[in-house]
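Welcome! Below is a short tour of one protein model, meant for someone meeting it for the first time. Please keep the sequence and the 3D view at hand as you read.

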Amino acid sequence: MLGVVVRRSYGIGVVVQNATQDTLRQVNIEVASIGDRGGRYSLPDLRPGDRRRVFVRPVTESSINVEFTDSNSKQHVETVFGYAETGYCGTATATILQGYKVANDAIYNLSCWRGWLDF
């Protein structure tokens, strides 16, 4: 039961994986919303093969994006979870591929029955 409570309070679990041959810098997960009410969650630099997880709390009419800087100092912003609102829960995975393309897989859960360890 505690896992359900904890998971619900944390919203959406976002996993970022680096499948490139380069270190990705300035990695952030951004909850973008009308009126800039979302937030930005900073992650450490991701070396090749690294994987990090963060839990974000969406606000009304949000999207969730991954931001990073590649080895050529070019910034990238890609959508991970297209639409979320307060109280939404689920999981999203953003895999950054060669050429800095992002493959994502997002699942919105109608109810948060599984626990913390399912992330």
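Predicted model: local features only at pLDDT ≥ 70, side-chain atom pairs only at ≥ 80, totals over all residues.

Residues are numbered from 1 along each chain as its sequence is written, and side-chain values use heavy atoms, with hydrogens and water left out.

**Confidence and overall layout**

The average pLDDT of the protein chain is 84, and 82% of the residues score at least 70. Residues 1-8 stay under 50 in pLDDT, and the model gives them 17 contacts beyond four places in sequence. Contact here means heavy atoms within 4.5 Å.

The protein chain contains 1 helix and 8 strands, in the order α-β-β-β-β-β-β-β-β from the N terminus. Helices (H or I, at least four residues) and strands (E, at least two) are DSSP runs, numbered from the N terminus. Of the contacts with a separation of 6 or more, 65% join residues 24 or more positions apart.

The protein chain has 119 residues, and 41% of them are buried. Buried means under 20% relative accessible area, exposed means over 50%, and partly exposed lies in between (1.4 Å probe, protein chains only).

How many residues of strand 5 are buried? The count is 8 of the 8, so strand 5 is largely enclosed by the rest of the structure. In a regular strand the side chains alternate between the two faces of the sheet. Ser62, Ile64, Val66 and Phe68 point one way from strand 5, Ser63, Asn65, Glu67 and Thr69 point the other way, and all are buried.

Strands count as paired if DSSP finds at least two bridges between them. The pairings described here are gathered below.

| Strands | Sense | Bridges |
|---|---|---|
| Strand 2 and strand 3 | antiparallel | 4 bridges |
| Strand 2 and strand 5 | antiparallel | 7 bridges |
| Strand 5 and strand 6 | antiparallel | 7 bridges |

To find these pairings in the 3D view, look for Asn28, whose bridge partner in strand 5 is Glu67, and for Ile64, whose bridge partner in strand 6 is Phe81. Val31 has Gly39 of strand 3 as its bridge partner.

Thr69 belongs to strand 5, which covers residues 62-69. Its relative accessibility is 3%, so Thr69 counts as buried. The side chain of Thr69 makes a polar contact with the side chain of Gln26 at 2.7 Å. A polar contact is a pair of N or O atoms within 3.5 Å; within protein, one must be able to donate a hydrogen and the other to accept it, and residues adjacent in sequence count only if both atoms are side-chain atoms.

**Turns and loops**

Strand 2 and strand 3 form a hairpin with 5 residues between them, and Gly35 in the turn has a positive phi of about 80°. Ile34 sits in the loop between these two strands. With 60% relative accessibility, Ile34 counts as exposed.

Most residues other than glycine have a negative phi, and most peptide bonds are trans. Ser73 has a positive phi near 65°, and it lies in the turn of the hairpin that strand 5 and strand 6 form with 5 residues between them. Ser73 is exposed, with a relative accessible area of 53%.

Tyr100 also has a positive phi, near 65°, and is found in the loop between strand 7 and strand 8. Is Tyr100 buried or exposed? Tyr100 counts as buried because its relative accessibility is 12%.

**The nonpolar core and a buried asparagine**

A nonpolar core is a set of buried Ala, Val, Leu, Ile, Met, Phe, Trp, Tyr and Cys residues joined through side-chain atoms within 4.5 Å. The largest one has 22 residues, of which Val14, Val16, Ile29, Val56, Ile64, Val66 and Phe68 touch the most other members. Strands 1, 2, 4, 5, 6 and 7 each supply at least two residues of this core.

Finally, look at Asn18 in strand 1. Asn18 is buried, with a relative accessible area of 3%. A polar atom of its side chain lies 2.8 Å from the backbone oxygen of Asp22, and one lies 2.8 Å from the backbone oxygen of Leu46.

Technical notes
pLDDT = per-residue confidence, 0-100.
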